[in-house]
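Please look at the sequence and the structure before reading on.

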Amino acid sequence: MVRPEVVLSFLRFQDFGLMLVMGGAVLVVLVAYKLVPRIMARPVLDDHFHAHPSVWNRDTAAGAAIFGIGWGLCGVCPGPAIAGLGTGNWDLLWALAGISLGALVQGLRAR
Amino acid sequence: MNQTLSLFPLGWQHYLLGGLLIGCGTALLFIVTGRIGGMSTVFSSTWSYLVQRPFFQQARFVDSRSWRLVYAAGLILGAFIWWMGFAGGAAQATKVPVWQLVVGGFFVGYGARLGNGCTSGHGICGLGSLQLPSLMAVLTFMATAFLTAHIAARVLALAPPTHWAKIWPPSRRGRCSDLACPFRPWCAPKWF
């Protein structure tokens, strides 16, 4: 995924590998989020397990739709944009700049 | 077999292994710190160092900005180890044009922060904790991403941006001599 072409070929239905990435990751995380709080009283370095509930409202819907448009155009999402720096893919700095700018503008427009 | 070949022309093992490893990393973060490891918040929380506006100074950004930066550094380190150890250290590159990376990136950043999550936040963590709003978000961005990627592939293949300079400003003489250009009606407009 540090090469946007891989993401774009998934979005154009040419290579479904990203389904396996997402599926594999969700599977492990699903098991971990369910089991770990039952096995351990608290995480190793903190006194409680955090939760991050998501809400479905206009912002989430609009944000997700806008995110998808950008993702479909450049093939870069936040995680791989950061990880790509570790692989010498300096072109991704452009995407990283775009993402940072987008996040800044969103914050400045928010009340 | 043919089905497998056409669905995964580059093989499937490395995709599955990569996904499982991403899951393990997110799970490890949860086990050690109890935190939910979505990636996109770091792009807002890091601005809190520089921008004093109340939005960026919210506790959820200020309190988490340091571990999120460390988490991002870990992501870079992990990719670096893969690069050196398994990819031969050949610099990865992309042929996606710069304007697409910047403009697409802008929408990605704006959308992910407005919608409070990206492919890792809503996708991996949200689906991993069985949250319906996250599933809705994932379905929404998948739909718009599929659409955009297909439309962009069509339009950009027919009319690469090098053509765009030829259609603007419109000229009486009709500067575009490319008969196959889909923008030709605007290049050499009949109404001039």
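Chain B exposes about 10,600 Å², and carbon and sulfur atoms supply 71% of this area. Accessible areas come from the Shrake-Rupley method with a 1.4 Å probe, and for residues only the protein chains shown count as cover.

This is a predicted model, in which local features need pLDDT of at least 70 and side-chain atom pairs count only at pLDDT 80 or more, while totals for chains, interfaces and linings use all residues. Residues are numbered from 1 along each chain as its sequence is written, chains are lettered from A and ligands numbered from 1 in the order in which they are written, and side-chain values use heavy atoms, with hydrogens and water left out.

**The two chains**

The table below sets out values for each chain. Helices (H or I, at least four residues) and strands (E, at least two) are DSSP runs, numbered from the N terminus. Buried means under 20% relative accessible area, exposed means over 50%, and partly exposed lies in between (1.4 Å probe, protein chains only).

| Chain | Secondary structure | Buried residues |
|---|---|---|
| Chain A | 5 helices, 0 strands | 55% of 111 residues |
| Chain B | 10 helices, 0 strands | 42% of 192 residues |

A contact means heavy atoms within 4.5 Å. Among contacts between residues at least 6 apart in sequence, 43% in chain A join residues at least 24 apart; in chain B the corresponding share is 35%.

The C-alpha trace of chain A spans about 45 × 40 × 30 Å along its principal axes. Its radius of gyration is 17 Å, whereas a compact globule of 111 residues would have one near 13 Å. This radius is taken over C-alpha atoms, and the globule rule is 2.2 Å times the number of residues to the power 0.38.

How many of the 8 residues of H1(A) are buried? The number is 7, so this helix is largely enclosed by the rest of the structure. The buried residues of H1(A) are Pro4(A), Val6(A), Val7(A), Leu8(A), Ser9(A), Phe10(A) and Leu11(A).

Although Phe13(A) is not a glycine, it has a positive phi of about 60 degrees. Phe13(A) is partly exposed, with a relative accessible area of 43%.

In chain B, Leu130(B) lies in the loop between helix H7 (119–128) and helix H8 (132–158). Leu130(B), a residue other than glycine, has a positive phi near 55 degrees. With 58% relative accessibility, Leu130(B) counts as exposed.

**The nonpolar cores**

In soluble globular proteins, nonpolar side chains tend to be buried together. A nonpolar core is a set of buried Ala, Val, Leu, Ile, Met, Phe, Trp, Tyr and Cys residues joined through side-chain atoms within 4.5 Å. The largest such core has 46 residues, and those with the most contacts inside it are Leu11(A), Phe67(A) and Trp71(A). Leaving aside residues up to four places away in sequence, Trp71(A) touches residues of chain A, including Val7(A), Leu8(A) and Leu11(A), and residues of chain B, including Val108(B), Phe141(B) and Met142(B). Another core, of 14 residues, lies apart from the largest one, and among its members are Ala25(A), Phe49(A), Phe30(B) and Cys125(B).
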